[in-house]
Amino acid sequence: MYKIVKRDQIADNIFEYWINAPHVTKNGCAGQFVVIRIDEHGERIPLTISGIRGDDVRIVFMAVGKTTQQLAALQEGESIQDIAGPLGTPSEVKKWGRCAVIGGGVGIACLPILARELREAGNEVTGIIGARNEGLLLLEDELRNACDELVICTDDGSKGHHGFPADILKEKVAAKELDAVWIIGPAIMMKITSMATLNTGIKTFVSLNPIMVDGTGMCGSCRVTIGGETKFACVDGPEFDAHQVDWDELMNRQRTYTGQEKESLEHYHEHKCRCGDH
Amino acid sequence: MNRRPVEERLRDFNEVATGLSKESAVLEAKRCMGCPKPLCVDGCPVSIDIPGFINAIAEEDFRKASRIVKADNMLPAICGRVCPQEAQCQGTCILGKKGKPVRIGDLERFVADWERENGVEAPETAPTTGKHVAIVGSGPAGITAASECLRAGHEVTIFESLHEAGGVLTYGIPAFRMPKGIVKFEIDQVLALGAELKLNHIVGRSVAVDELLAYDAVFIGTGAGLPYFMGIEGENYGGVYSANEFLTRVNLMHADKFPEYDTPIIRGSRVAVVGGGNVAMDSARVARRLGAKVYLIYRRREDDLPARAEEIENAVQEGVEFVCCANPTKILGGPEVQGIECNRMDMCELDESGRPIPRPCTGVDSTFTLDVDVVIEAIGQGPNPLLAGLIPDLKRGRRGNIEVDEDGRTSIPHVFAGGDIATGAATVIWAMGSAKKAAASINKMLSEN
Ligand SMILES: Cc1cc2nc3c(=O)[nH]c(=O)nc-3n(C[C@H](O)[C@H](O)[C@H](O)COP(=O)(O)OP(=O)(O)OC[C@H]3O[C@@H](n4cnc5c(N)ncnc54)[C@H](O)[C@@H]3O)c2cc1C
Ligand SMILES: Cc1cc2nc3c(=O)[nH]c(=O)nc-3n(C[C@H](O)[C@H](O)[C@H](O)COP(=O)(O)OP(=O)(O)OC[C@H]3O[C@@H](n4cnc5c(N)ncnc54)[C@H](O)[C@@H]3O)c2cc1C
Ligand code: SF4
Ligand code: SF4
Ligand code: FES
Ligand SMILES: [Mg+2]
């Protein structure tokens, strides 16, 4: 059992948990993730490592379906059954020069740890974050500290630039201000944003989020097509060259269980009202 | 072996084979001739004293029978159930030359089940040595190596990346063949000798390579968990599974009980399983239990199927339709599976294993299509690449397996390996046998320094 040592809601429907897991924190780095299972009946879901402090690992998640809603219902001091990690290949942190780290929605949570590592490696880091509206922005102060510069965007203009991170990225690309870019967010956002660096020679990483089961390379559920080749995102990734990704295939595979996910959530809400007896 | 009726077993995941009663076990044991040069023992990869334990059953001294079996095999309830006996001990039994071989596997299972119900004797362990052995992976290889090192008095830590121990026994082989309670029971017996089991620990990540190499000795039993895919068109549509994924969703995650358990699975109304080994049979029979019509597509003839004979029979009884001499060329549909296109195969000259080499037929009627909505690929697995690839000086073979000598030594002096990671996908008892040899080398090395 792994204890939730700190729990906060940090934006609309978005939660920040610190979980005691020394085996994860010991070697965990930017770009890696954990797989958690809440209880005996639970599924295994991947969540990015968003921070490390002593023996505690931070996860930030949006309560979208059964598992994340159940997770959000847990309280500080309670425990989850399993947390495995760190999984995946760490981000390619080295001296690139000028980097941009771009986050959309809950993907923003992946940026502080990455920005810090990039800066420690001698890079100049610009953070660009975007959300539908002000209420969905997160970790602003922390990112402002972690980056040399931070640009905020909202789709509805409720804060910062009225528009998308892609707009800012395009400007920076045109001004030849970048050597490497990370884009982390929903698949469609990564697909569209990464077009800004296509054929510019700027190394562009995205963190892919296909459906996973074990997260250790054993099942192949997470397979993605990169430059025409099949890769397992949980071990070969999750970060890949944005311009090699078969985005449509990824998005189709993400929808594989839409029907069951709805059923699972309905079952959870029904069952919750009957007070937790199986 | 007695089996439950088909209609009943298709409705649940309970064990199909019902085991021998005491009376029938004793009767069967009396058939054994107690050969002075028992050929059966040559067929058993861990050389159990087969006539010895069978004679004890005939004398109704089941405790003695159990001691004899466990001197060579710590996991008899598992091996009695899943060993391919017809290719091992029973394949060489002298009685099989003319009539039916002694049912050695069933007798071994009987003894193990008897012991479980009548109280287990803990094996003797040597005084503690203060040496610490790291075991990577908790499949049959890791568990066996752990048991041997514990009995020699060493401290043992087992690292397992999943949330449950057992390797393929837990996530791969379905409960109707290998009840999960029995796997847990046999593993718990080994843990009771004092091993520390660290679940959710991926060695190479949670435990860095230099931390691992700091142990006095290391045993790597990470298995052949890397699923191969055919590389045909349509393979990444929703509804195409590797057997590993399909079986893991059901065995480890209980997707058969969705939504009571959270993990979803596409049950499919018509399922195509590709392959002919145990993994394919298991996938087909799980799919039947999830309610689908199931085709099993195999490249060669029915006679060439490499799965255990008993499981092929079970699959036939359970209504799996065998489509032999056929090879898939394309999965139809997108983004969901709508069918599978196959090429009929000609059986050509024999290869070195004595089986015909299949080659695609040409001409009219050489292709056909099956209308299916789920495809499960069970065409084989490779050695788990993660850890082996992270240890710089570890010598690996062409297919990525860890190279070991006869005693389980790798190219690094205090690192040993066994099971599928060394041999490539094999069997439970082979994994145990090679782990035992490696553990003996570890114990020898640690007693010398
Ligand atoms: C490497 C990786 C890192 C991730 N990091 C984060 C993170 O830091 N914060 C965060 O909020 N989300 C993250 N996700 C997504 C997160 O795993 C899903 O939101 C979560 O599984 C949804 O589960 P649910 O039961 O609440 O919702 P569901 O209703 O079951 O699913 C909602 C959607 O989430 C995706 N999803 C469902 N099951 C899985 C699964 N087993 N594996 C992957 N995706 C799944 C599907 O696209 C699905 O349509 C990450 C995904 C990956 C692959
Ligand atoms: C579906 C199926 C059916 C089968 N049926 C039969 C049968 O009927 N009879 C038979 O004899 N054989 C059968 N086999 C083969 C048999 O199960 C294997 O040969 C045997 O399990 C190999 O044992 P192992 O210990 O080497 O590896 P595994 O059982 O694969 O165990 C390896 C373990 O190591 C863990 N691991 C891997 N990497 C790491 C890491 N870096 N850190 C920590 N842990 C790690 C894995 O999670 C796993 O638990 C079957 C196999 C399958 C897949
Ligand atoms: S371990 Fe397997 S091969 Fe050996 S005697 Fe038992 S059933 Fe036969
Ligand atoms: S070969 Fe057959 S008959 Fe002879 S000892 Fe072995 S099991 Fe008994
Ligand atoms: S999640 Fe199973 S192989 Fe990646
Ligand atoms: Mg879910």
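Biologist: How many salt bridges are there between chain B and chain A?

Modeller: The count is two salt bridges between chain B and chain A. Do keep in mind that this is a predicted model.

Biologist: What makes the pair Lys26(A) and Glu211(B) a salt bridge?

Modeller: The closest N and O atoms of Lys26(A) and Glu211(B) are 3.0 Å apart. The rule asks for a side-chain nitrogen of Lys or Arg within 4 Å of a carboxyl oxygen of Asp or Glu, so the pair qualifies.

Biologist: Happy with that. How many residue pairs are in polar contact across the interface of chain B and chain A?

Modeller: The rule finds 24 residue pairs there, with both residues at pLDDT 80 or more. On the side of chain B that touches chain A, strand 5 (226–227), strand 6 (240–242) and helix 13 (243–251) of chain B are the elements that give two or more residues. Helix 13 gives the most, with four residues. By residue class, that side divides into 21 nonpolar, 13 polar and seven charged.

Biologist: And what area is buried between chain B and chain A?

Modeller: About 3,600 Å², with carbon and sulfur atoms giving 53% of that. In chain B, the residues that lose the most area to chain A are Arg205(B), Asn236(B) and Asp262(B), together 21% of what that side buries. In terms of contact, 41 residues of chain B meet 46 residues of chain A.

Biologist: Let's turn to ligand 1. What makes the approach of Thr48(A) to ligand 1 a polar contact?

Modeller: A polar side-chain atom of Thr48(A) lies 2.9 Å from a nitrogen atom of ligand 1. The cut-off for a pair of N or O atoms is 3.5 Å, so this one counts. Backbone atoms take part too: an N or O atom of Met62(A) lies 3.0 Å from an oxygen atom of ligand 1, and a polar backbone atom of Thr67(A) is 3.0 Å from an oxygen atom of the ligand.

Biologist: Which residues come nearest to ligand 1?

Modeller: Of the 23 residues around the ligand, Glu43(A), Pro46(A), Thr48(A), Val60(A) and Thr68(A) do. As for annotation, an unreviewed UniProt entry gives "domain: FAD-binding FR-type" for residues 1–93 of chain A. That span is 12% helix and 47% strand.

Biologist: Where does UniProt place the feature "binding site"?

Modeller: The unreviewed entry puts the feature at Cys219(A), Cys222(A) and Cys234(A). They span 16 residues in sequence, yet no two of their C-alpha atoms are more than 10.0 Å apart, so we can say they gather at one spot. Cys222(A) sits in the loop between strand 14 (203–207) and strand 15 (223–226) of chain A.

Conventions
Residues numbered from 1 in each chain as written. Chains lettered and ligands numbered in written order. Predicted model: local features only at pLDDT ≥ 70, side-chain atom pairs only at ≥ 80, totals over all residues. Heavy atoms only, no water. Contact = heavy atoms within 4.5 Å. Buried area = accessible area lost by both parts, 1.4 Å probe. Polar contact = N/O pair within 3.5 Å; in protein donor to acceptor, adjacent residues only side chain to side chain. Nonpolar A, V, L, I, M, F, W, Y, C, P; charged D, E, K, R; others polar. UniProt positions renumbered as here; feature names shortened; annotations may be inferred. Near = heavy atom within 4 Å.
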